[in-house]
Amino acid sequence: MKTKGDRYERLAARFLQQRGLEILVRNYGCRCGEIDLIARHGQHLVFVEVRSRGNRRFAGAASSVDLRKQRKLIRAALYYLQQNPELAIFPCRFDVIAFEPPQSGAERAPSWIPGAFTN
């Protein structure tokens, strides 16, 4: 069954591909957590968290990637690198793609925050 999250992850993957990133993995899961997208951008390995908000009453989508979520992403990324040591030579970064609710009927382009946090 396709979820709203799947839709936003597909949109985020297409958005990043149009900007030159090569998507390596979608929905990577391990015992440490889950990473929505893993990509290459030039000489960087990029771990991407995709977030969406359906209601403007709450904090923005990007701000929902709190310190606890960042730590889970970092642990999952370290595990991924242990399982794929050939990729450990690349510098890594953590990006966030945020989809905010539309103000009118039209859907907005996502916000891309490269290097949203560091490990």
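Helices (H or I, at least four residues) and strands (E, at least two) are taken here as DSSP runs, numbered from the N terminus. Ser-111, for instance, sits in strand E5. The model is a predicted one, so local features need pLDDT of at least 70 and side-chain atom pairs count only at pLDDT 80 or more, while totals for chains, interfaces and linings use all residues. Residues are numbered from 1 along each chain as its sequence is written, and side-chain values use heavy atoms, with hydrogens and water left out.

Here is the overall layout. The chain has two helices and five strands, and read from the N terminus the elements go α-β-β-β-α-β-β. Of its 119 residues, 39% are buried, where buried means under 20% relative accessible area, exposed means over 50%, and partly exposed lies in between (1.4 Å probe, protein chains only). The accessible surface comes to about 7000 Å², and carbon and sulfur atoms account for 49% of that; such areas come from the Shrake-Rupley method with a 1.4 Å probe, and for residues only the protein chains shown count as cover. Contacts (heavy atoms within 4.5 Å) are defined by distance. Taking the contacts between residues at least 6 apart in sequence, 53% join residues at least 24 apart.

Next come the strands, which pair if DSSP finds at least two bridges between them. E1 and E2 run antiparallel, with seven bridges, and a hairpin of two residues connects E1 to E2. Within this pair, Glu-22 stands opposite Arg-40 in E2. E3 and E4 pair the parallel way, over eight bridges, and Phe-47 has Phe-94 in E4 as its bridge partner. On to the end of the chain: E4 also pairs with E5 (residues 111-117), this time antiparallel and over four bridges, with Ile-97 opposite Trp-112 in E5. As for E4 itself, seven of its eight residues are buried, so the strand is largely enclosed by the rest of the structure.

Back to Ser-111 in E5. With 30% relative accessibility, Ser-111 counts as partly exposed. Leaving out residues up to four places away in sequence, Ser-111 touches Val-96, Ile-97 and Ala-98. Ser-111 and Arg-51 are 60 residues apart in sequence, yet their C-alpha atoms are 9.9 Å apart in space.

What about the inside? A nonpolar core is a set of buried Ala, Val, Leu, Ile, Met, Phe, Trp, Tyr and Cys residues joined through side-chain atoms within 4.5 Å. The largest one here holds 18 residues, and those with the most contacts inside it are Ile-35, Ile-38, Leu-45, Phe-47, Tyr-80 and Phe-94. At least two residues each come from E1 (22-30), E2 (33-41), E3 (44-52), helix H2 (67-83) and E4 (92-99). H2 gives the largest share, six residues. There is also a second, separate core of 14 residues, including Ala-13, Phe-15, Leu-16 and Val-48.

Then there are the charges. Side chains of opposite charge can pair when their charged atoms come close. A salt bridge is counted when a side-chain nitrogen of Lys or Arg lies within 4 Å of a carboxyl oxygen of Asp or Glu, and by this rule there are three. Glu-49 and Arg-51 form one of them, at 2.9 Å from N to O. Glu-49 is buried, with a relative accessible area of 5%. Glu-49 also bridges to Lys-69, with the closest N and O atoms 3.9 Å apart. That pair links distant parts of the chain, since Glu-49 is in E3 and Lys-69 is in H2, 20 residues apart. Like Glu-49, Lys-69 is buried. Together, Glu-49, Arg-51 and Lys-69 make up a salt-bridge network.

Another salt bridge joins Asp-95 and Arg-93, whose closest N and O atoms are 2.8 Å apart. Asp-95 is buried at 1% relative accessibility, and Arg-93 is buried at 15%.

Finally, Glu-9 lies in helix H1 (residues 4-17). Glu-9 is buried yet has no salt bridge, and the nearest side chain of opposite charge, Arg-26, is 4.1 Å away; here Lys and Arg count as positive and Asp and Glu as negative, with His and the chain ends not counted. Residues up to four places away in sequence aside, Glu-9 touches Arg-26, Asn-27, Glu-34, Asp-36, Leu-37 and Val-50.
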